[in-house]
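Please work through each task before reading its solution.

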Amino acid sequence: MFVVYGNRAASVGTSALLIMIFMMDKEIHADEVLTYSLQILAGGVWYMIFSLIFFGIRPYRAAQQALGENVGDVVRFLRIKGDFYLPGTDIDANYHRLVSQQIHVSQHQDAVRELLFKSRVMARESTNASRILVLTFVDLVDMFEQIMATHYDYDQLRQKFQTTGILSDVGNLVHKMADELENIGYAILSNTRYAQLTDFTPALEQLKINIDAIGNAHETSNLVLKKILINLRDLNKEIENIFNYYNSSSSKILIENKHDVEYSKFVTHQDFEPHVFFGSFTLDSAAFKHALRVSLVCLIGFVVAKNLALGHHSYWVLLTIIVILKPGFSLSKQRNYQRLIGTISGGLIGIAILLFVPDNNIQFALMLLFMIGTYSFQRLNYVVSVIFMTPYVLILFKFLKIGHIDIVGERILDTIVGSTIAFIASYLIFPTWEFELIKKTLAEVIYSEVNYLVKIAKSITGKTVTTTEYKLARKDVFVKSANLSAAFERMTSEPKSKQHNIKDIHKFVVLNHILSSYTATVASEITVKGMHKTTPDILKLVKKSINVLNETSKKLGANAANLPEKKQIRPKRQHLRLPINY
């Protein structure tokens, strides 16, 4: 039930369950219980002290790693965008890859925000190193918006320019920029200096020459190609900015104006009041249904493990159930497959080592390698983590003289039993299907899009829109869109009978991505060109779009966002000012 207080609290609850499971088969006297409990507490305290010492020595390392991973996510998103310009790309399939990758970008952006904006060292005691990390993340989010804004009608582009070869040139250049950004991301991740930045100016100039030639040689307009060129120049500028943060001799000026940033608004704050916990004891609460499901399934697993001769480590059945069972059916199904594949593959590797590598020193070295791999891939790739974990546990048990080859079969059998129980239970016991929740998700996405447009409309009418307001609205769109994409992906892995209106929802996901891209384009135009270059027609179209979306939002059960009041456009109180503050 601790999940009602967020993922961190849920980890505490899961740890308590795991301790109980590991101790399930160990018979101890009553007077030994306190000793064992203190030993477990000592282990937790030691790990906490070790973590605090490590953080004190290298306070920025965790943020660097998370930021480097996020750069990699944006690189993959950029490459998918670049594929739209290549002639052999299936556009519909590429859209699916794009919205899927957007989920990873959003999730890692949230993780980076937690590390940067909730940390006292990062947010309140700004040093040159912390400021560089914050500014890098700011430019990375701006770059992601810039990539989102580079959306066009790719079918129409192919029809008009397929024979010119210019689209392949654009796609290849985007991939080269992605490679450059990936190298910078690797330098951030590995805490090394990336010495040489590729100069894309000649390639951009050559692309301009080719675009001008197409405009002169063909009757069709090349305006869209010129816009693509502008997007690529802006993208190149963002890459140069990030590179310069780590290579500029004048980077110390970055620590100035450290009090002008409202970091706290960009991270979620958890309410730990008791009413949050006790108010969730109802079947209308997804957390309560999940907790009840886990309790019942663990009871079933306990009875099965105690009544079937599964070996001397029957707690593995319950361990598998705890690890596999997730609130949604699709997540449980995915983790089930991952656990089975990883355990069987790792078991075969463990058997091979125990049979054909008799030397204890080599076995010990391999065990350390597998242990490092287990925890290194725990967040990155769960299948690989389990593949490393199984031989690590088997070799460890061999050194502890708990078992040998026979323990491999026991672990695989226990895993299969636990996986089967968990899979059946996720389908039958208080199941949660995406079609039951999707309407709320759709409403939240529409409302965030409307709010984003309202900020743009306010700027056009001459009202002051702060950087914080604008970027909070933008963040909300990115997060809600990623949530929608994730919900759609989960729905596709559920049974066919539970995939209600799946084709319509897929269209909604794609159209929402296109809408977000066009909105980002409008925001970019206003930011760069200024209010004095806009016309009343733009405001009229934006307001019309807001009205249509508001009607849709009402039908989905969400609130409508307020339109800005009509006001004379005043050029001097012009546009969204987006300094590098966030």
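This is a predicted model: local features need pLDDT of at least 70, side-chain atom pairs count only at pLDDT 80 or more; totals for chains, interfaces and linings use all residues.

**Exercise 1. A residue on the surface**

In which helix is I49 found? Determine also whether I49 is buried, partly exposed or exposed, and which nonpolar surface patch includes I49.

*Solution.* Step 1: I49 is found in helix α2, which covers residues 33–57. Step 2: the relative accessible area of I49 is 38%. Buried requires under 20% and exposed requires over 50%, so a residue with this value is partly exposed. Step 3: I49 belongs to a nonpolar surface patch together with L34, L38, L41, V45, W46, M48, F50, L52, I53, F54 and I57. The accessible area of this patch is about 1300 Å² in total.

**Exercise 2. Salt bridges made by R474**

Identify the salt bridges that join R474 to D142 and to E145, and state which parts of the chain they tie together.

*Solution.* Step 1: the side chains of D142 and R474 form a salt bridge with an N to O distance of 2.8 Å. Because D142 lies in helix α6 (residues 128–149) and R474 in helix α19 (residues 467–492), this pair ties together parts that are 332 residues apart in sequence. Step 2: E145 and R474 also meet in a salt bridge, at 2.9 Å from N to O. E145 lies in helix α6 and R474 in helix α19, so this pair ties together parts 329 residues apart in sequence. Step 3: D142 and R474 are both buried, and E145 is buried as well. Step 4: a network of salt bridges links D142, E145, K471 and R474.

**Exercise 3. The largest cavity**

How much space lies in the largest cavity, and which helix supplies the largest share of its lining?

*Solution.* Step 1: the structure holds two cavities of 30 Å³ or more. Step 2: the largest cavity contains about 120 Å³ of space. Step 3: α3 (61–83), α6 and α10 (223–247) each supply at least two lining residues, and the largest share, four residues, comes from α10. Step 4: the lining divides into seven nonpolar residues, four polar and one charged. Among the lining residues are L78, K81, Q146 and N231.

Notes. Residues are numbered from 1 along each chain as its sequence is written. Side-chain values use heavy atoms; hydrogens and water are left out. Patches are made of residues with over 30% relative accessible area and no salt bridge: like charges are joined within 9 Å, nonpolar side chains (Val, Leu, Ile, Met, Phe, Trp, Tyr) within 5 Å. Accessible areas come from the Shrake-Rupley method with a 1.4 Å probe; for residues, only the protein chains shown count as cover. A salt bridge is a side-chain nitrogen of Lys or Arg within 4 Å of a carboxyl oxygen of Asp or Glu. Buried means under 20% relative accessible area, exposed over 50%, partly exposed in between (1.4 Å probe, protein chains only). On a 1 Å grid over the protein atoms alone, a cavity is a set of points where a 1.4 Å probe fits but cannot get out, and a pocket is an open set with protein on both sides within 12 Å along at least five of seven lines; lining residues have an atom within 4 Å of a point. Grid points are joined across faces, edges and corners, and a volume is the space filled by probe spheres set on the points. Ala, Val, Leu, Ile, Met, Phe, Trp, Tyr, Cys and Pro count as nonpolar, Asp, Glu, Lys and Arg as charged, and the others, Gly among them, as polar.
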